[in-house]
Amino acid sequence: MLKVGIIGWRGMVGSVLIQRMHEENDFESIDAHFFSTSQSGGKVRILNSQESTLLDAFDADELTKMDILLSCQGGDYTKRILHSLREKNWSGHWVDAASTLRMNSDAMIVLDPINKEAIDTAIARGNKNWVGGNCTVSLMLLAIHGLIKKDLVEWVSSMTYQAASGAGAQNMKELLIQMGELSGSLNNIKPDSSILDLDKEVQLMMKSERFTKKLFTAPLAGSLIPWIDEELENGQSREEWKGGVETNKILKSNGYKAFNVDGLCVRIGAMRSHSQALTIKLNKDFPIKEIEELIASANPWVHFVPNNKEKSIKNLSPAAVSGKLSISVGRVRKLNVGENLLSVFTVGDQLLWGAAEPVRRMLNILTNKKL
Ligand code: HSE
């Protein structure tokens, strides 16, 4: 059995990864070891069969004993550790959920339903660095997989509605605290007060110094934040930039024709599922019925939602999708503002296919476990 070291198993993505590995019995086909940046020597019960002693995540001697290292510890850890392991001639596989390595020429962005052939070729060629893609990118590519296979896409504009989980576990907590503070601001208001009185109290709370916004720096509950990640000189946010470059890298790796992706990335007060409103320029006229069929049948995870009010409200929201591997795809119709323009609305769990699942499946590819 291959020795697999897991780092960052306690965090947001790591916890979901461990949960999924249990669900799929992945631990039965690996010799798993757990590393910690702060509690080496401690005992944890992650495996059903036995307690594990935590190994030091900064101990290169322990790390280099592993055939595969899987990190959900974040980009700073990757930057600090990987280079030094390679300098010690460690030739194991590094599987990472963080973005740090994604655009490096010696790292492959993994999304196996889209680029399994390229992954297999890269393994045969001796590639060792594997990275899960940005969550909106992976979710978007799986959602429109059917159009990609048929080479129908000229460009995509993606307007996102991203959940708090994308910013981390503490940010999810801050969102909940904000929600609590907003509703708490109404405690002294009489139940029969007018909506304007209620709204005034909520606005006062949102604008007050007391309102908790340490991480988001602005109200998210009852509001939104139209910027995610760093500011780039060209006016894009880094999240928006990733949408284009990562999509292209994944598509090209597998021989698909690349297309441009751009749009605005917006944080909203959802917990863990990202939504995206896509405008897709098709490169030719195509009947809507066939487009629907292509999207619906592209892979086992697309949950196609017919474009009607009842089914869209019921199935096409973070509340409906969170915790599921399926990615809802709906509101598919031709837009009336130009030729061959298609609208698609898609929602997927940012922690599953958006983060943990591509790296979990990459681990299984490396250990030859059936996907
Ligand atoms: N960058 C994403 C976000 C999550 O902030 O929502 C990770 O892909």
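Predicted model: local features only at pLDDT ≥ 70, side-chain atom pairs only at ≥ 80, totals over all residues.
Local features need pLDDT of at least 70, side-chain atom pairs count only at pLDDT 80 or more, and totals for chains, interfaces and linings use all residues. Residues are numbered from 1 along each chain as its sequence is written, and side-chain values use heavy atoms, with hydrogens and water left out.

The ligand sits in the largest pocket. A pocket here is an open set of points on a 1 Å grid over the protein atoms alone, where a 1.4 Å probe fits, with protein on both sides within 12 Å along at least five of seven lines. To sit in one, a molecule must have more than half of its atoms within 2 Å of the grid points.

Who surrounds the ligand? N134, C135, Q162, G166, I228, E239, R267, H274 and Q350 do. The criterion is a heavy atom within 4 Å. By class, this shell has two nonpolar, five polar and two charged residues. Gly counts as polar in this scheme, and Cys and Ile as nonpolar.

Now the polar contacts, each a pair of N or O atoms within 3.5 Å; within protein, one must be able to donate a hydrogen and the other to accept it, and residues adjacent in sequence count only if both atoms are side-chain atoms. A polar side-chain atom of Q162 lies 2.9 Å from a ligand oxygen. For N134, a polar side-chain atom lies 3.5 Å from an oxygen of the ligand. G166 uses a polar backbone atom, 3.3 Å from a ligand oxygen. Taken alone, the ligand exposes 260 Å², and the protein buries 83% of that. These areas come from the Shrake-Rupley method with a 1.4 Å probe.

C135 leads on to helix α5, residues 135-143. Helices are DSSP runs of H or I, at least four residues; strands are E runs of at least two; numbering is from the N terminus. Nine of the nine residues of α5 are buried, so the helix is largely enclosed by the rest of the structure. Buried means under 20% relative accessible area, with a 1.4 Å probe and protein chains only. Among the buried residues are C135, M140 and A143.

Next, Q178 in helix α7, residues 169-184. Q178 is buried, at 0% relative accessible area. A polar atom of its side chain lies 2.9 Å from the backbone oxygen of T212. A polar side-chain atom of Q178 is also 2.7 Å from the backbone nitrogen of L220.

Last, I327 in strand β15, residues 327-334. I327 counts as buried at 1% relative accessibility. Its C-alpha atom is 16 Å from that of A270, 57 residues apart along the chain.

Methods. Buried < 20%, exposed > 50% of the residue type's maximum accessible area, 1.4 Å probe, protein only. 1 Å grid on protein atoms, 1.4 Å probe; cavity = no way out; pocket = protein on both sides within 12 Å on 5 of 7 lines; lining within 4 Å.
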